[in-house]
Structure formats: C-alpha cells, structure tokens
Amino acid sequence: MSKKKNIDIIFLIQREKKLGYKDIDHLLPFLYFLNKSKKIKYNAKGFIFDSKDNYIKDLDPRVELLSSMKNVKIVYLDKKNYIDTLKSFLLSISNSKLVKIFNSALDKFKNKFLKTHLSKINWRNELGEKFLNSKTPLIFTVIHNDKILNIISKIKKNNKKARWIVLPHGTTICDNKMVHDSHLDKNEKDYIDSLYSKIDFIFNTSKRDFSDAIVKGLKKTNGKVIGSPRFCREWLKFKSDLQLDGKKIVVNNKKRIRILFLLPKKHINIFTEELIRTIDFLSSYTEFEIKMVNYYYYPRLPDYVYKRSNINQYLISEQFSTSQLINWSQIVFHVGTGVVFESFMKEKITVFPKYLTCNTLISNKYNAGLNLTNRDDLRNFCNLASKSIENLKKDYSKKFSRSNKRFLSDFVYGNTKSVPDNITKAVLSSIKNLEK
C-alpha cells in the first residue's frame, strides 16, 4: 500500500453564522472526505472571522463536528467584544424595528473594527511552525474577493510554497446572465476577472462552471471539476446518520399534503405580486400544510394569507435547518436556489413556477422537476396533489426520473461516479510539483 501524502491546510471562514453557517456547509464535507481518503493525511487550522462566543452560544452540530475533528484546530479572529453582548441584550428586551436598525448600525461599526483588527494580525505567529515549514501547504477558501486576497498574500509571504485553492460554494443556477434587478447594462460586460490569475486552483462543481471560470480568466490547468460535496449521496447519508441537520420536524397531520416553498431572494428578478398570489392560491387549499423559508421575511403577505392556519414562514437556520424542512416535505417549490439540489437528491416532487421570474433556470432547460408555465398549470398541479399525492408521485417519477438523474449527474457529480474520489485526485494534483 502506498504511503499517504502529508498535507498542511489553512482554511478561512469569512461569512458569519447569521447566514446559516454557509461557508461551513460547503467546507465541512470537503474536510470530511479528505479525512476518509486512503491517499491523504492532513492537519488543518481554520480561521473564523467571528468571535467564539457567537459560535458556541447556540452550538450548531456542524460547528461542533468541525471543532471536534482531531486534526483540525479552530482560531476565532474576532476576540470577545461588547458589541455582540449589547446587541443580544437589546434583542432580549425588544424585537422592535428601532432595535433592529440600531443593531444594524452596531454591525457596521463592528465590521469596521474587525477590519482594523485583521490588518494588525501577525500571520507568522498565527499560522504555526507546522504550516510555516510545510512542503505541501494549502489554503482553502470558499469565496474569493480582495479582502481574502489580501490575507492570502500575507500568508504566502510566510511560506512561498503555499497554494490557494477556492472550493465550490455553489453552482450556476441560471442560464441567463442578467440575473439581478440591477443588471440593466445595454452591452454585455467583459467578464474577465483579474482575481482569477491570482488563484492557484479552483475546484468547480460542474463542467459548465469550469467553462465559465475559464471565460473569466482562469487557466485551464488551474481548474478541476469535482462535483458538489455538499449534496452528494455520501455526505447526505453521513450528516443524516450524525443528525447534523438538527431536530427532526414532527408531522402533525398525516392527512395533509406537506409543501415546502424555498422562497427566492427579491433581487433575482422576482415578480413579487405574482409570488404573493401563488402563495395565496396554494394556502387556499386546506388539505395543504405549507412551510416557507428564506433569509428574510419576503414577501410581505396580506394579513388574511399570513393568518391562515396551514401556512408558516421561517428564517433560514433559525427554527429548523433547510435540510430538515426538505425531509419533512412531500413537495418542494423553488424559484432559483442552490439548496434545491438536495430536494432532487432526496427524490421530492420538485416544482419550479417559472412564471415567477424572468430568469431561465438550468433545471428547466434539463426538464428537471415539474416546470409550471402559468397559474393554470399551478391549479392543475394542486388539484392532482389534493386528489392523490401517491398517484402524483408515481406520475412525477415516471415523467422526470431520467431528466432529474441527468441534471444531478452534471451538477452534483460532475459526470463522475464519486465526489470523494474527485476531491482526493484534485488535491493530489494541486500538490504534484510542491515537494520537488
């Protein structure tokens, strides 16, 4: 048996937990699969751009798992501060709009303070001797921007062998380019991104994302297609076995049809009034139980809809994890979100009301899931569901099983058999010339 390659890893987690531990969601399966590799052995040190108090206050199972890994050490870059304490205290007294506005101002002040603090960090002291003297030092991030580049540059000065690898933080959802409300340029912009020339390797989920990265300036030899660690079957099974998704949602009424609506973000070309009408129509079926989830309470529903007993709205990762909401559901509605891959993987009846946006989703081009053209299609679907959810599921599987598998093959598995194997191969490829 060949000897395992020893690797020293630094990883950076920039986004805060208020976004649902998004960075950890993408990073954790990657580290887990590397741990299981028969060809790689690693030690890792992770720097989190937040305080320890914030992370351990309501200890999330994913954070707990990351912290408990024997070959991983966590460093919190934001030391204990009184701003978070003051914010928590104010929210405990009142949840008013005025308090939220004041807390938002405190956040801006805290971010300014953290930026100043980060600029003074002695990275040579923080990195540790092991990484400083490593022959195979790697730096993992899930996002790339000027702030991260500045830190990467400082780390690389302390070990010139260090290679920066950007891990997948999602995949392309839309086929069109003018995805946001603000995209109103008359001429298509030049998509060359100078940052791409400074990244050593980018690991992509799909061939399409890889091609897009090349257009933006990535050298072909610096990109690898690995699939999506977060949504592959091996990770979904593991996190289910370890209950990483938090508490299970109890089915209160087995006679009701359980619908999850993954609400869109307002700025991605959403027709808000039609979205409200769709939610109104769905919730008018008393035989449906509807749960909705988003980063913020959008859209603002009329009181008569909001007060219906069969409808509930949640903020992401607050009351329940999105994964548990998908587990609970029988039908999942979406209008363009990366987490919908989990719905397809778990073989839920997945529905895209494409009349709610002027974006063209790639899932629609693949004919993956049920794509509704207008409200008439919605009515027909709802009537079929209310008549027999079992028959609807059989019909859905018969019509979309093949196209769903093709979609998942391209965007979850990168047209390969094993995401864990892809990760091992990609990492070994990235250190190929370092030990010389």
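# Close-up views of the predicted model

View 1. Strands (E, at least two residues) and helices (H or I, at least four) are DSSP runs numbered from the N terminus. The model is predicted, so local features need pLDDT of at least 70 and side-chain atom pairs count only at pLDDT 80 or more, whereas totals for chains, interfaces and linings use all residues. Residues are numbered from 1 along each chain as its sequence is written, and side-chain values use heavy atoms, with hydrogens and water left out.

View 2. Three bridges join β6 (residues 201-204) to β7 in the parallel sense; two strands are taken to pair if DSSP finds at least two bridges between them. Within β7, G223 is the bridge partner of I202. Strand β5 (residues 163-166) is also parallel to β6, over two bridges, and V166 stands opposite I202.

**View 3. Seven strands form an open, parallel sheet.** The strand order is β3-β2-β1-β4-β5-β6-β7. Strands β3 (72-76) and β7 (223-225) stand at the edges with a single partner strand each, so one side of each has no neighbour in the sheet. From one strand to the next, the twist averages 20 degrees. Helix α1 (residues 22-36) packs on the sheet and touches β1 (5-13), β2 (40-48), β4 (137-141) and β6, its direction making about 170 degrees with that of β1. Helix α9 (residues 207-215) also packs on the sheet, where it touches β6 and β7 and makes about 165 degrees with the direction of β7. Contact means heavy atoms within 4.5 Å; axes are lines fitted to C-alpha atoms, for helices over the stretch in contact, and angles run from 0 to 180 degrees between N-to-C directions.

**View 4. Helix α8 packs through its buried residues.** The buried residues of α8 are I148, L149, I151, I152, I155 and N158, and they pack against β1, α6 (123-127), α7 (129-132), β4 and β5. At the start of α8, a side-chain oxygen of N145 comes to within 3.2 Å of the backbone nitrogen of K147.

**View 5. Helix α16 has its buried residues on one face.** Residues L378, F381, C382 and A385 of α16 are buried. Seen down the helix axis, the buried residues fall within an arc of 100 degrees and so line one face of α16; the arc is that of the directions from the axis to the C-beta atoms. Where α16 starts, a side-chain oxygen of N374 lies within 3.1 Å of the backbone nitrogen of D376.

**View 6. L392 is a buried residue of helix α17.** L392 lies in α17 (residues 389-411) and counts as buried at 9% relative accessibility. Neighbours within four places in sequence aside, L392 is in contact with I331, I349, F381, L384 and A385. The C-alpha atoms of L392 and C382 are separated by 10.0 Å, and the two residues are 10 residues apart along the chain.

Definitions and conventions. Buried < 20%, exposed > 50% of the residue type's maximum accessible area, 1.4 Å probe, protein only. Polar contact = N/O pair within 3.5 Å; in protein donor to acceptor, adjacent residues only side chain to side chain.
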